[in-house]
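Look over the sequence and the structure shown here before reading on.

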Amino acid sequence: MDYSGKVVVITGASSGIGAQSAEEFAKLGATVILVSRNEGQLQKIDTKLSKYQTETLVYACDVSDKDQVDKMGKTIIEKFGTIDVLVNNAGFGIYNTIEKTKIDEMESQMSTNFLGMMYCTKAFLPKMLKQRSGHIVNVASVAGSIGIPGMASYCASKFAMLGFSESLFHELKGTGVGVTVVSPIMVRTNFFNHESFGKMPRYSVTSLDPKTVANAVVKAASSPRLEIVVPQFVRFVIWLKQTFPYLINPIVGEIFRKSMKPKLD
Ligand SMILES: NC(=O)c1ccc[n+]([C@@H]2O[C@H](COP(=O)([O-])OP(=O)(O)OC[C@H]3O[C@@H](n4cnc5c(N)ncnc54)[C@H](OP(=O)(O)O)[C@@H]3O)[C@@H](O)[C@H]2O)c1
């Protein structure tokens, strides 16, 4: 698909899935707006994108701060006059039991992963509806469908993202605007650099390359579907869990509790 002249805003673009998605959209000719808190890191990604000779903009913004997001939305719409794709990707996770996780750590995951997505949606959706075109891509996780021990607040933020997106999906019918959730399994990014992951094995043998997920993000930006699970076969695992919860939940719980052991000792 040709994205020439299209304006794509990506939150969490300073690393991992967001940075790779920025590159994939730049390759397709999109004007890419790179958003995260770390301006220096965004500049590095921006420099990498210069080879694609497309317009880019670095915008430092903490998505958990609604005033900053509101200002960002107004500035971008004023500068470019349009918004074609919003990728709500900024997010992080803290790995610990509920008992040992501090309340402000729980709140910060909800503020960035869920409220941040909501603030950005509120900042750009009215313009999309007015122009009767645009697509919102929300990067959730398989942890938005399966509760993982040690990641309660993270899972809650992604379950919330999925619920919000499903409601929005129905509301948007016939408006020319779409929303699609991308739900990957484990991805090899800086996500696991958070100190709380400590002794936990950082990646599994099945963990994904960020490029695989970035390709799914690009696909999602023109998809009529509500959710794209990456890899696709994991949708079957989610279906199994939702259809036979009494059978599948104890197995899933047991698998994850084993990797949780160092935290419990
Ligand atoms: N890695 C995985 O296994 C995995 C699996 C499923 C889903 N995901 C989801 O994929 C998304 C991207 O994560 P990743 O794996 O690419 O991790 P990552 O490499 O750590 O990237 C996270 C990005 O989010 C940004 N960010 C964090 N808090 C922010 C805030 N308050 N405001 C603005 N930007 C913020 C970070 O930039 P700054 O620090 O510069 O702000 C960074 O660019 C997340 O939503 C994550 O939940 C990841």
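A residue is buried if 20 or more other C-beta atoms lie within 10 Å of its own, with C-beta atoms placed from the backbone. The model described here is predicted.

## Helix H6

In helix H6 (210-220), the buried residues are Pro210, Val213, Ala214, Ala216, Val217, Val218 and Ala220.

## Phe191

The loop between strand S6 (177-184) and helix H6 contains Phe191. Because Phe191 has 20 C-beta neighbours inside 10 Å, Phe191 counts as buried.

Which residues does Phe191 touch, leaving aside its neighbours within four places in sequence? The contacts of Phe191 are then Gly16, Phe92 and Gly93. Ser15 lies 176 residues from Phe191 along the chain, yet 9.1 Å separates the C-alpha atoms of the two.

## Helices H1 and H2

Two packed helices are described by the angle between their axes and the distance between the axes. For H1 (residues 16-27) and H2 (residues 39-49), the axes come within 10 Å and cross at roughly 30°. Angles under 35 degrees count as roughly parallel, and H1 and H2 are therefore roughly parallel to each other. The crossing of H1 past H2 is right-handed.

On the H1 side, Ala19, Ala22, Glu23 and Ala26 make the contact, and on the H2 side Ile45, Lys48 and Leu49 do. Sorted by class, this contact of H1 with H2 has 5 nonpolar residues, 2 charged residues and no polar ones.

Key: Residues numbered from 1 in each chain as written. Predicted model: local features only at pLDDT ≥ 70, side-chain atom pairs only at ≥ 80, totals over all residues. Axes fitted to C-alpha atoms, helices over the stretch in contact; angles between N-to-C directions. Helix = DSSP H or I, 4+ residues; strand = E, 2+ residues; numbered from the N terminus. Parallel < 35°, antiparallel > 145°, perpendicular 65-115°, else oblique. Left-handed = near helix turned anticlockwise from the far one by under 90°. Contact = placed C-beta atoms within 7 Å. Nonpolar A, V, L, I, M, F, W, Y, C, P; charged D, E, K, R; others polar. Buried ≥ 20, exposed ≤ 12 C-beta atoms within 10 Å, placed from the backbone.
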